[in-house]
Amino acid sequence: MDIVPIPERTSHAAPLTTSPAPGQKPAATTGPKAVAKDTTAGMLFGIGAYVLWGLLPLYFFILMPAGAVEIVANRVVWSLLFCALLITVTRTWTVLAAAVRDRRVFAPLALAAFLIAINWLTYTYGVTTGQAVETSLGYFINPLVSVLLGVFVLKERLRPLQWAAVGVGFIAVGVLTYSYGKLPWIALTLAFSFGLYGFVKNRVGSRVDAITSLSVETMVLAPLAGVAMVVLAAGGTATLTTQGAGHFWLLLASGVITAVPLLFFGASARRLPMTTIGLLQYFAPVLQFLVALLVFREAMTVERWIGFGVVWLALLLLTVDMLRTARRNSLVRRAALRAAA
């Protein structure tokens, strides 16, 4: 899964109308209809993005016997080529060049590139070694990690329900450590690498769009990915050209499969409020969890069910807090508008 800085949303306010000139028909007031249409499109784009991310384990499964390193290396290289094509079509090479020259943009994106590489490698390793349930756990835990980053890095003050969610999350990790017989390192690596990745990307803010961001990140990783592909080929363990044409084209498709949900997410984020985006994000780990259980037939002991149940309780507390805060802020804004009227 990828995360991008959320672009500034377009205003949902109805456009101002002016009086028609003599002989002209009055313009149709389509504000509410446009808002409804925009929101519907945003929901469809958002669901599409998270559904594609949630079904990603199936893609990795059909790429076997390719291993995690080969899959990620191909994903980086072909994503870079796909981004180059998109930049050419949209004529935004100057935007990319400006991002590379700007240290305030390039440095955070370079760090983000290495964080997402760790995330991709861990995620792909987990799926291809029969541990897809634990990979889904990582993305369930991720919102709790984001809250912790807010406390320890940004020095934010947590609300009571957020504190409760964090406490319940720690209990869940303890239960799952007991059930696995070891620390769930795959889940924790995914949660922290993804949380830190999102934090770094948010520091860049709206100074870079999704495609430029992905292009810079893949540019940073491409030399390492290229070396990995050469080493695997020299060692006789690469599968790109040894498993038939279907396998070859499926690996090449990783560029499109990486970029399309990212574009969908960007389109959704421009149309929906943060609260809705926050709720949609649960689509991905839920689908990953269902794929692991129903398709891969991974085992779930009673202890693991209890551990996941505790995690879901923590997420429920976070969701309730998020909805309450959004409602409170909405009421405050309405009161301010009434007072200013």
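Which side chain does arginine 159 meet in a salt bridge? I started there, keeping in mind that this is a predicted model.

**Entry 1: salt bridges**

I found that arginine 159 pairs with aspartate 321, at 2.7 Å from N to O. I then checked where the two sit: arginine 159 is in the loop between H6 and helix H7 (160–180), while aspartate 321 belongs to helix H14 (residues 302–340), so this bridge ties together parts that are 162 residues apart in sequence. Aspartate 321 has 7% and is buried.

I searched the whole structure for salt bridges and came back with three. Another of them joins the side chains of lysine 201 and glutamate 217, with 2.8 Å between N and O. Here I noted lysine 201 in helix H8 (residues 185–204) and glutamate 217 in helix H9 (residues 210–234), 16 residues apart. Are these two buried or exposed? Lysine 201 shows a relative accessible area of 2%, so I wrote it down as buried, the cut-off being under 20%. Glutamate 217 comes out at 3% and is buried too.

I also looked up the bridge between aspartate 102 and arginine 104, where N to O is 3.5 Å. Aspartate 102 is partly exposed at 23%, and arginine 104 is exposed at 56%.

**Entry 2: the core**

Next I went inside. Which residues touch the most other members of the largest nonpolar core? My list reads Phe60, Val133, Ile141 and Phe308, out of 70 residues in that core. Helix H6 (residues 132–152) supplies the largest share of it, with twelve residues. For background, I jotted down that nonpolar side chains tend to be buried together in soluble globular proteins.

I took a closer look at phenylalanine 60. Leaving out residues up to four places away in sequence, I have phenylalanine 60 touching Ile71, Arg75, Tyr123, Thr124, Val127 and Thr128.

**Entry 3: a patch on the surface**

Which residues make the nonpolar surface patch of about 340 Å²? I noted Val286, Leu290, Leu294 and Val295. I picked leucine 294 from these and placed it in helix H13 (residues 283–295). Its relative accessibility is 56%, and I logged leucine 294 as exposed because the cut-off for that is over 50%.

Technical notes
Residues are numbered from 1 along each chain as its sequence is written. This is a predicted model: local features need pLDDT of at least 70, side-chain atom pairs count only at pLDDT 80 or more; totals for chains, interfaces and linings use all residues. Side-chain values use heavy atoms; hydrogens and water are left out. Patches are made of residues with over 30% relative accessible area and no salt bridge: like charges are joined within 9 Å, nonpolar side chains (Val, Leu, Ile, Met, Phe, Trp, Tyr) within 5 Å. Accessible areas come from the Shrake-Rupley method with a 1.4 Å probe; for residues, only the protein chains shown count as cover. A salt bridge is a side-chain nitrogen of Lys or Arg within 4 Å of a carboxyl oxygen of Asp or Glu. Helices (H or I, at least four residues) and strands (E, at least two) are DSSP runs, numbered from the N terminus. Buried means under 20% relative accessible area, exposed over 50%, partly exposed in between (1.4 Å probe, protein chains only). A nonpolar core is a set of buried Ala, Val, Leu, Ile, Met, Phe, Trp, Tyr and Cys residues joined through side-chain atoms within 4.5 Å. Contact means heavy atoms within 4.5 Å.
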